[in-house]
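Welcome! Please take a moment to turn the model around on your screen, and then we will walk through it together.

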Amino acid sequence: MGFRNLVSWNFMITGFQVCGCGNRALEIFSQMHFGGIRFDRATLVNIFSCLCGMGDGLECCFQLQCLTTKTGFISEIEVPTGLVKAYSSLGGEVNDCYRIFLELDGRQDVVSWTGIIAVFAERDPEEAFLLFRQFLRECLAPDRHMFSIVLKACAGLATEGHALTVQSHVLKVGFEDDIVLTNALIHTCARCGSVALSKQAFDKIGSRDTVSWNSMLKAYAMHGQGKEALQLFSQMDAQPDGATFVALISACSHAGMVEEGAKIFEAMSNNHGIVPQLDHYACMVDILGRAGRIYEAKELIDKMPMEPDSMVWSALLGGCRKHGETKFAKLAAVKLKELDPNNSLGYILMSNIFSTNGHFNEARLIRREMERKTVRKEPGLSWIQVGNQVHEFASGGQQHPEKEALCARLEELVRQLKDLGYVPQISLALHDIEDEHKEEQLYYHSEKMALVFSLMNAGSICCSGNIIKIMKNI
């Protein structure tokens, strides 16, 4: 082109962005900027969209933030909204995203609010829900996209009350027939521990799509209801896809229905023309491993038409751990560490296998290797809802304000359990401490702390026939 104007440059950036060539788009923007050609908000929004698909764009995102502030575009609502999305997708700090959001200073619209709530929904669901309440207090009208993001946050919170609150708002604004929101509600209710509410939402859908059926199948799978999943599949009047069969095989696995799961796996390609992918193979290795059919699981891995990923090897390792199979466990652990070196699962399971078989030196070496490579195990957390408040517990009740009372009540409960025949399984505890201390370690698991706290603060729950629901992060 003999002459290029702003529209020409913007279209070129947009073209590269649409084609997934983010680096080329950034090159064009650099030429434009250093060539003294003024850009506008459309230029910046497209550049931020390019950054969302780049794994190493955080530093570039920070530089662009400085540039937008310097040029005054930070006050244009689309620009900080795009910047927040870019920061979030690149793993930036949520507090940085929130500061950018606050710079709009009362000019936030539903899109910018949805953007910041989406950031917190991923990493701090409780804060996301609080932001949604603030949004409603400011008398702004939520749209379908915002509701789907807030339901995602509720799924992360895993508390039924929050999900029902959002559902009431969905009904209030007249979105009860929106199939996308209903599908999200099915998933959220299942994550919150209520497959009955999921089924209730599913039954109200007039015309269900594949996602509707898949969401309900996943709900059954999550709760180990394999028979119900298969019965629902027999009624499915939409075209099944790969996700359908992941849910079905997973449901069979959690319910111990090995033969049924194998038939589903075969029917997937023979009857429905769907080629098994890595996640289908991982589910089948899991179902065989759980049932103790380790050699069959290994044979299936050997026959896979693609290279097994970390999920496939972790499924095999889990089966080996359950049934004390050391030979294939070592192979699976090596493969898992190669594919996902920062994942603690391979180290932990191998250490447990060695400890169970009495090979304590090998278990110690595994733990030392883990420390040397600075691989950290995700701490087990449990949380419960008492009244309108969610309480989180770590092992030992660390940092909890009522720790001493909790531990005292827990010791009393364990004594009662022992009178009823409870025997702690101490084989997986650290071997170089006395048995009585191994038992103490098991007493203070996070779920036990959560249970005791619920009994201390809501003892009437049991009397009224309600259920104490303890959620875990693992």
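This is a predicted model: local features need pLDDT of at least 70, side-chain atom pairs count only at pLDDT 80 or more; totals for chains, interfaces and linings use all residues.

Residues are numbered from 1 along each chain as its sequence is written, and side-chain values use heavy atoms, with hydrogens and water left out.

Let us start with the overall picture. The chain has 26 helices and three strands; here helices (H or I, at least four residues) and strands (E, at least two) are DSSP runs, numbered from the N terminus. Its C-alpha trace spans about 85 × 55 × 55 Å along the principal axes. Of the 474 residues in the chain, 45% are buried, where buried means under 20% relative accessible area, exposed means over 50%, and partly exposed lies in between (1.4 Å probe, protein chains only). How do contacts link parts of the chain that are apart in sequence? Among contacts between residues at least 6 apart in sequence, 60% join residues at least 24 apart, and a contact means heavy atoms within 4.5 Å.

In residues 5-39, the end C-alpha atoms lie 10 Å apart, and the span is 74% helix and 0% strand. For residues 241-276, the end C-alpha atoms are 11 Å apart, with 72% helix and 0% strand.

Now find helix α13 (residues 210-222) and α15, whose axes come within 8 Å and cross at roughly 15°. Axes are lines fitted to C-alpha atoms, for helices over the stretch in contact, and angles run from 0 to 180 degrees between N-to-C directions. Are the two helices roughly parallel or roughly antiparallel? Angles under 35 degrees count as roughly parallel, over 145 as roughly antiparallel, 65 to 115 as roughly perpendicular and the rest as oblique, and α13 and α15 are therefore roughly parallel to each other. Their crossing is left-handed, meaning that the near helix is turned anticlockwise from the far one by less than a right angle; clockwise would be right-handed. On the α13 side, the contact is made by Thr 210, Asn 214, Leu 217, Lys 218 and Ala 221, and on the α15 side by residues including Ala 247, Leu 248 and Ser 250. By class, this contact of α13 with α15 has six nonpolar, five polar and one charged residues. Ala, Val, Leu, Ile, Met, Phe, Trp, Tyr, Cys and Pro count as nonpolar, Asp, Glu, Lys and Arg as charged, and the others, Gly among them, as polar.

Two residues let us look at this pair in detail. Ser 250 lies in helix α15 (residues 242-254) and is buried, with a relative accessible area of 18%. Leaving aside neighbours within four places in sequence, Ser 250 is in contact with Ala 221 and Cys 283. Val 211, in helix α13, counts as partly exposed at 46% relative accessibility. Val 211 is 28 residues from Asn 183 in sequence, yet their C-alpha atoms are 6.8 Å apart in space.

Another helix pair is α19 (residues 310-323) and α21 (residues 345-356), with axes that come within 10 Å and cross at roughly 20°. These helices are therefore also roughly parallel, and α19 passes α21 in a left-handed crossing. Among the residues making the contact are Leu 317 and Arg 321 of α19 and Leu 349 and Ile 353 of α21.

Let us finish with two single residues. Ala 86 is in helix α5 (residues 78-89) and counts as buried at 0% relative accessibility. Not counting residues up to four places away in sequence, Ala 86 touches Phe 48, Leu 51, Cys 52 and Cys 61. Thr 374 lies in the loop between α22 (360-372) and β1 (381-386), and counts as exposed at 64% relative accessibility. Its phi is near 50°, a positive value in a residue other than glycine. Most residues other than glycine have a negative phi.
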